[in-house]
Amino acid sequence: MRSLLKRKLQRGIKWMVRCFYPFYLLIDFFRRREEVRILMYHKVSDLPPEREVPYCNVPIASFEAQMKFLAKSGLDVVTLDQVEGWLKGKGLGKARKKIVITFDDGFQDNYLHAAPILQRYRLPATFFMVTGAIGQDVPFNHLRWDAASLADRAAHPAHWLPLTRPMLLEMRAQGHAIGSHTRSHRSLAGLSRGEIWDEVAQSKKDLESQLETTMTAFSYPFGSAVYGDLNERTEEALREAGYRVACTTEWGSNKVGENSYRLKRIPVYDHDTLFDFRCKVIGAADWLGGLKDGWQKMFRRDDKVQFEPTSNIADCGLRNAE
Ligand SMILES: [Zn+2]
């Protein structure tokens, strides 16, 4: 019911965003602010449209149109670890706006559908992995399922499985960056100091040993400061473990000088048209960040943040769907 209300609200305010577009174009032209705009994706796949359960999926044709737009826009598209110095005001160069494309969780459809499109348009992306799931032959533990997603999982199991090490190596060779999204995709908020350290530091070690490289980018599971998924304690653990940048799911852009451990992002939804996407890239939808914060302050979360960390991954989703 609440997700239905949420979707109706999202649709209702879309026309407002579209109306603001010309004003934001003007504002953006005169303001000339240096900023990093980070796009947030999860899945790229031809799933049935989202209804009650958000799959965070973008249809393949929409993703292709979005990447084509970015490639032709002249905007500077880089990986997340490349903006760390830039956020501190170093090496600003001519480009005043950086775009970062990120993917959370590490679904195989990222490799099957997103990577070939990114390669076609020569755009780099950053993929955040749940390291305990890499190469596992079972779907992610934190997903919620409805009839449509279960049907799709039966028809296209690979779309729902985690990426494997050979896939990650291939994607890295294509110029993409890989970061950590913890070991088990639990919200860090309710964990002890030792558990946070394990999720943060051990996932870094996992990735570095599997991919034989250093890795400095992180994405918080669920990623909401309002719901407590990140705080001073988690930030301290990230610094200590050697991360230099971390993404939240808070909505907005990042100005030079902002805290690089609390980077805001801009979600891309299954129902976004290309014009909606352009609105998001230019900043015409940034005011929705305030609305999202307000929503989270008013309503308790409905994400699936509590589950058995390792053993019951396969039946966890099915049990949840019953
Ligand atoms: Zn996630």
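Reply: Phenylalanine 222 is placed in the loop between β8 (217-219) and α9 (232-241), where helices (H or I, at least four residues) and strands (E, at least two) are DSSP runs numbered from the N terminus. The model is predicted, with local features requiring pLDDT of at least 70 and side-chain atom pairs counting only at pLDDT 80 or more, while totals for chains, interfaces and linings use all residues. Residue numbers start from 1 along each chain as its sequence is written.

The phi angle of phenylalanine 222 is near 70°, a positive value in a residue other than glycine. Most residues other than glycine have a negative phi. Phenylalanine 222 counts as buried because it has 21 C-beta neighbours inside 10 Å; the cut-offs are 20 or more other C-beta atoms within 10 Å for buried, 12 or fewer for exposed, and partly exposed in between, with C-beta atoms placed from the backbone.

Aspartate 105 can be read alongside it, as a residue other than glycine with a positive phi, near 90°. Aspartate 105 lies in the loop between β5 (97-103) and α4, and it is buried because 23 other C-beta atoms lie within 10 Å.

Helix α4 (residues 108-120) packs with helix α2 (residues 60-73) at an angle of about 25°, their axes being 10 Å apart; the axes are lines fitted to C-alpha atoms over the stretch in contact, with angles from 0 to 180 degrees between N-to-C directions. The two helices are therefore roughly parallel, a label for angles under 35 degrees. Their contact (C-beta atoms within 7 Å) is made by Ile60, Phe63, Glu64 and Met67 of α2 and by His113, Ala114, Ile117 and Leu118 of α4.

In the chain as a whole, there are 12 helices and 11 strands, and buried residues make up 39% of the 322 residues. Of the contacts in the chain with a separation of 6 or more, 75% are between residues 24 or more positions apart. Leaving aside residues up to four places away in sequence, methionine 129 touches Gly106, Ile134, Leu163, Ile178, Ser180, His181 and Leu207.

Methods:
Angles under 35 degrees count as roughly parallel, over 145 as roughly antiparallel, 65 to 115 as roughly perpendicular and the rest as oblique. Two residues are in contact if their C-beta atoms, placed from the backbone, lie within 7 Å.
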